[in-house]
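Here's a quick tour of a ligand site. Have the viewer open while you read.

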Amino acid sequence: MPAQEIEYRPFHTDRHTAFRCQLQAFIAREIAPYVDAWESERVFPASLRRKAAEVGVLGAGFPEEWGGIGGDIFDKLIVKEDLARFGAGGVRLGLTTHCIALPPIIAVGSDALRQRVLPPVFRGDAIAALAITEPDGGSDVANLTTTAERSGDSFVLNGEKTFISSGCSADFYTVAVRTGAAGVDGISLLLVEKGTSGFTQERQDLMGWRSWDNATLRFRDCRVPAENLIGAEGKGFRLLMQNFNEERLGNAAIMLGAAKACWEDARQYAGERVVFGRPLAANQTIRHKLVEMRSLIQAVQASLDVAALRFQQGETPIAEIAMTKNLAARTYEFCAAEAVQIHGARGLVTGERVERLFRESKILSIGGGATEVLNDLAARQLGL
Ligand SMILES: Cc1cc2nc3c(=O)[nH]c(=O)nc-3n(C[C@H](O)[C@H](O)[C@H](O)COP(=O)(O)OP(=O)(O)OC[C@H]3O[C@@H](n4cnc5c(N)ncnc54)[C@H](O)[C@@H]3O)c2cc1C
């Protein structure tokens, strides 16, 4: 590996590397040539999902028993990092929301639920989403207000969720609801299926991730069979907290991949663009920008790989994961801003990769747990 190569992944095995090569070939063939058109038209090609399933993009890191292709957390992170680096945010999102929706079902769902949901999602025939956030409370998950009251052999849902990824497109929704009293012990998880009476979706357009959908969900006397309960009643909050750890590792991987794309484009442009009779990169100021970008990227990569290894080994390094996600968010925002700056006005042109990367760079310092809230979480974990 050349000394300047950005990749040094000591915890990736030969199997991970082989999977990554296969994945990158798939992205280069099936995604990269079309991604700008999909983003500007705000479309996601229906045929892509099954093709992605065939090369293991959907099932990577998930149990073979339920239709996944096996592997571990590193496989899941490879998918997220490389889709973000070589694809686009919207396409990546369209292929990965099940990664945050399915873990509770895999961990504690009944076999009947697993059988109904998991194989079709991993085959690319169905889409799964996770619905926690509400209009009156995103960060404050413990105080969510969507109710699910027991009525015979059903739960009846009332309330609203918002900013839900795959909110319009999903077939299966893992929904956080209040089945009991105020506080964390009153929270449960329920599977809600598209088409259930009293359940509607409304698309929201955000400034990034344009080729996939985000939506507000509404539940009005929506009746869901009691057997759709995921795990035990009142145990939902703990499941969500466990889920957040894996989600935040994934968020960090996405931002690492995106920051690398910023660095690669900035470096190439700085070498090609001639200003005042010499390449931009001949200026020390520009070289320093590139080195600062690269330094932060290397720090995120090392932090992510260590946190992922600990997670893989059965630890729950909550503070490290929160800090890694926050470092990745700062790094991506910094790299995107510098990449556009190095491109000058060209960095603002629609269709330039750095323009899209910059537009998308704010999303994950909010989504998946906002920076301030994760700093608070880390502070508590560190006993500060
Ligand atoms: C693109 C995108 C996709 C998303 N997908 C999903 C999804 O699939 N499912 C889902 O359930 N949710 C999803 N979300 C929602 C996301 O998880 C929430 O936006 C996030 O949890 C923050 O909640 P909020 O936006 O309501 O901000 P708020 O909770 O209103 O917070 C607003 C700001 O105040 C800060 N803040 C809050 N509390 C404190 C405090 N105590 N001290 C200091 N600052 C504080 C926050 O950090 C934030 O910056 C998505 C969001 C985005 C942007």
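How many residues surround the ligand, and which are the closest? There are 20 of them, with I132, T133, S139, F163 and E372 the closest; a residue counts if one of its heavy atoms lies within 4 Å.

## Ground rules

This is a predicted model, where local features need pLDDT of at least 70 and side-chain atom pairs pLDDT 80 or more, while totals for chains, interfaces and linings use all residues. Numbering starts from 1 along each chain as its sequence is written, and side-chain values use heavy atoms, leaving out hydrogens and water.

## Polar contacts

Look for pairs of N or O atoms within 3.5 Å. The side chain of S139 puts a polar atom 2.6 Å from a ligand oxygen. I132 uses a backbone N or O atom instead, 2.8 Å from an oxygen atom of the ligand. At F163, a polar backbone atom is 2.9 Å from a ligand nitrogen.

On its own the ligand has 970 Å² of accessible area (Shrake-Rupley, 1.4 Å probe), and the protein covers 65% of that.

## Who makes up the shell

By class, expect eleven nonpolar, seven polar (Gly goes here) and two charged residues (Asp, Glu, Lys and Arg count as charged). Domain 2 (128–234) and domain 3 (238–381) each supply at least three residues to the shell, with bounds from an automatic or database domain assignment.

How values were computed: Polar contact = N/O pair within 3.5 Å; in protein donor to acceptor, adjacent residues only side chain to side chain.
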